Structures are given as structure tokens and as C-alpha cells.
Amino acid sequence: MGAIVDGAVSEMNQTLLEKNVKVVFVLGGPGSGKGTQCANIVERFGFTHLSAGDLLRAEIKSGSENGTMIQNMIKEGKIVPSEVTIKLLERAMLESENDKFLIDGFPRNEENRAAFENVTGIAPEFVLFFDCAEEEMERRLLNRNEGRVDDNIETIRKRFKVFVESSLPVIEHYSSKGKVHKIDAGKPVSEVFENVKSIFSSFDKKEE
Ligand SMILES: Nc1ncnc2c1ncn2[C@@H]1O[C@H](COP(=O)(O)OP(=O)(O)O)[C@@H](O)[C@H]1O
Ligand SMILES: Nc1ccn([C@@H]2O[C@H](COP(=O)(O)OP(=O)(O)O)[C@@H](O)[C@H]2O)c(=O)n1
Ligand SMILES: [Mg+2]
């Protein structure tokens, strides 16, 4: 790492700032339905979906030098160091033609949050918080069937603990700034989307 990487990062940010990108953070516990609702939002409101977890899993598959470290962190339900995740997010935003992004599953702790702000200078337009009971999230994860190494009961318990201890404070932070839209995510997919839609529709109106 060092100077060259830092130089590259500042160039990246220059471009991102010039593009005037708009970012919405999509947060909520594991299995709360972030990915499912993001797919609906993309279709209806023209955002590009960036899942931090998906980007990290793609990085493992690509044979990156960080692959083994990322794989171990995911298996333990731990949060990967911010510099790794932020670089993947920045690259994805730069490679896209779009200027509106749903960032799903990030920031997951205070380190993620502060580093993203410092490195990119981007503040979210707002934050969606999918609020769901643990027993419902557990049921969903155990039925997800995507072959993920972390969808087993042992890792799920660790992820719930990390969510409460590290991710909820991030939601609190944005809540104190009046940026959080909390949604009851325990309902069926279509009902959750009705609530999501009303939030994005009023955002679109404000932007006009
Ligand atoms: N509102 C819902 N009701 C029931 N099942 C849901 C709902 N939303 C998502 N699911 C299912 O629960 C699992 C986890 O959803 P996903 O969108 O991957 O959540 P997350 O990205 O927050 O972990 C998936 O199998 C998905 O099909
Ligand atoms: N900002 C992030 C997001 C995910 N991750 C890792 O990736 C795992 C899976 O994240 P995910 O967002 O795909 O999981 P779900 O909440 O969708 O179930 C997390 O448990 C972390 O180990 C991370 O380290 N940092
Ligand atoms: Mg997900």
C-alpha cells in the first residue's frame, strides 16, 4: 500500500465528486431483506445496487491477494477492514455510468462509516433501516440456500452479535442527524416494498 494507492484514491474521489454521485445506505440485520428490496428499488427507481457483501465475495472469487483474509472474516461474521471494502465500492461507482447508488450492507461499523466519509467525502442522501426480529431473520437465513459459508446457525449468531454491537451504533449516528427511514421489514416482501416506494417517491419529488 502507501503513496501510489493513496494517489489513486484521491484521483478516484475527484472523479466521483465531479460526477456528483448520490448515495443511499441500505442497512439492517443479516436476513432483514436488504438485497431483496434493493433489486426492487433498482427496477423502479433506476439506482445501481452495490452490495458490500457481494463485492467482497467477488473479490474472493477473483483470486485477489486479500481473498483468504476476506473469506476467513466472512466465515467468522467479522467486518473486513474498511480500506478493502471502500476500494471495492469506489471502483464499482467509477466503473458505472450511473450517478445514483444503493450501498447495501455498508457502513457496518463506526470504522466503515468514518473512513468512507473521510476517503470519499460523500455523505448519504438518507439511510434505509430494515428493522426485523432476530427469530424471523434467522428463519430466512437458514432457508436462503445460496450456499453461503456464513448462513449456518453458528455464524448467524455471531453476525447478530456484530450487528447489535457494531452496526446499530451507525444507524443511531445517522438517526441523530435525522437521516434514517426505519421500515418494518418483518412483513411480506410486497408490503415492505410499498413502504420503500413511498420513501423513494418523496425523495424523487424533492430532487425535481
Ligand atoms: N419480507 C420478506 N419476507 C420473507 N422472506 C424474505 C423477505 N425479504 C427477503 N426474504 C428472503 O429472506 C432471505 C434473506 O433476504 P436478503 O434479501 O438476502 O436479506 P439480506 O440481504 O438483508 O441478508 C432470502 O432468501 C429472501 O428471499
Ligand atoms: N461492510 C461490510 C459488509 C459485509 N462484510 C462481510 O460480509 C458478510 C456478509 O455480508 P452481507 O451484507 O452479504 O450479508 P447479509 O446482511 O446480506 O446477510 C458480513 O457478515 C461480513 O463478514 C464486511 O466485512 N463489511
Ligand atoms: Mg444481502
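Residues are numbered from 1 along each chain as its sequence is written, while chains are lettered from A and ligands numbered from 1 in the order in which they are written. Because the model is predicted, local features need pLDDT of at least 70 and side-chain atom pairs count only at pLDDT 80 or more, whereas totals for chains, interfaces and linings use all residues; side-chain values use heavy atoms, with hydrogens and water left out.

The volume of the largest pocket is about 880 Å³, a volume being the space filled by probe spheres set on grid points that are joined across faces, edges and corners. Its lining comprises 41 residues, of which Lys34, Arg108, Arg144, Arg148 and Arg159 are the closest to the centre. At least two lining residues each are supplied by H2, strand E2 (48-51), helix H3 (52-61), helix H7 (134-142), helix H8 (153-176) and helix H9 (189-207), the elements being DSSP runs numbered from the N terminus, with helices (H or I) of at least four residues and strands (E) of at least two. The largest share, 5 residues, comes from H3. By residue class, the lining divides into 14 nonpolar, 14 polar and 13 charged residues; here Ala, Val, Leu, Ile, Met, Phe, Trp, Tyr, Cys and Pro count as nonpolar, Asp, Glu, Lys and Arg as charged, and the others, Gly among them, as polar.

Ligand 2 is surrounded by 20 residues, the closest being Lys34, Arg57, Lys78, Val80 and Arg159, where a residue is counted if one of its heavy atoms lies within 4 Å of the molecule. Polar contacts (pairs of N or O atoms within 3.5 Å; within protein, one must be able to donate a hydrogen and the other to accept it, and residues adjacent in sequence count only if both atoms are side-chain atoms) include one in which an N or O atom in the side chain of Arg57 is 2.9 Å from an oxygen atom of ligand 2. A polar side-chain atom of Arg108 likewise lies 2.9 Å from an oxygen atom of this ligand, and for Asn112 a polar side-chain atom is found 3.2 Å from a nitrogen atom of ligand 2. The protein buries 96% of the 530 Å² that ligand 2 exposes when taken alone, accessible areas coming from the Shrake-Rupley method with a 1.4 Å probe and, for residues, with only the protein chains shown counting as cover. Two or more residues of this shell come from each of H3 and helix H4 (67-76), and H3 gives the most, with 4 residues. The shell is made up of 8 nonpolar, 4 polar and 8 charged residues.

Around ligand 1 there are 13 residues, with Gly31, Lys34, Thr36, Arg144 and Lys187 the closest. A backbone N or O atom of Gly31 is 2.8 Å from an oxygen atom of ligand 1, and a polar backbone atom of Lys187 is 2.8 Å from a nitrogen atom of the ligand. The protein covers 75% of the 560 Å² of accessible area that ligand 1 has on its own. Helix H2 (residues 34-45) gives the most to this shell, with 3 residues.

A search of the whole structure finds 1 cavity of 30 Å³ or more, a cavity being a set of grid points where a 1.4 Å probe fits but cannot get out. The volume of the largest cavity is about 60 Å³, and its lining includes Lys34, Phe106, Pro107 and Arg108. H8 gives the most to this lining, with 3 residues.

The backbone also calls for comment. The peptide bond from Phe106 to Pro107 is cis, with omega near 0°, and Pro107 is placed in the loop between strand E3 (100-104) and helix H6 (110-120).

How values were computed
1 Å grid on protein atoms, 1.4 Å probe; cavity = no way out; pocket = protein on both sides within 12 Å on 5 of 7 lines; lining within 4 Å.
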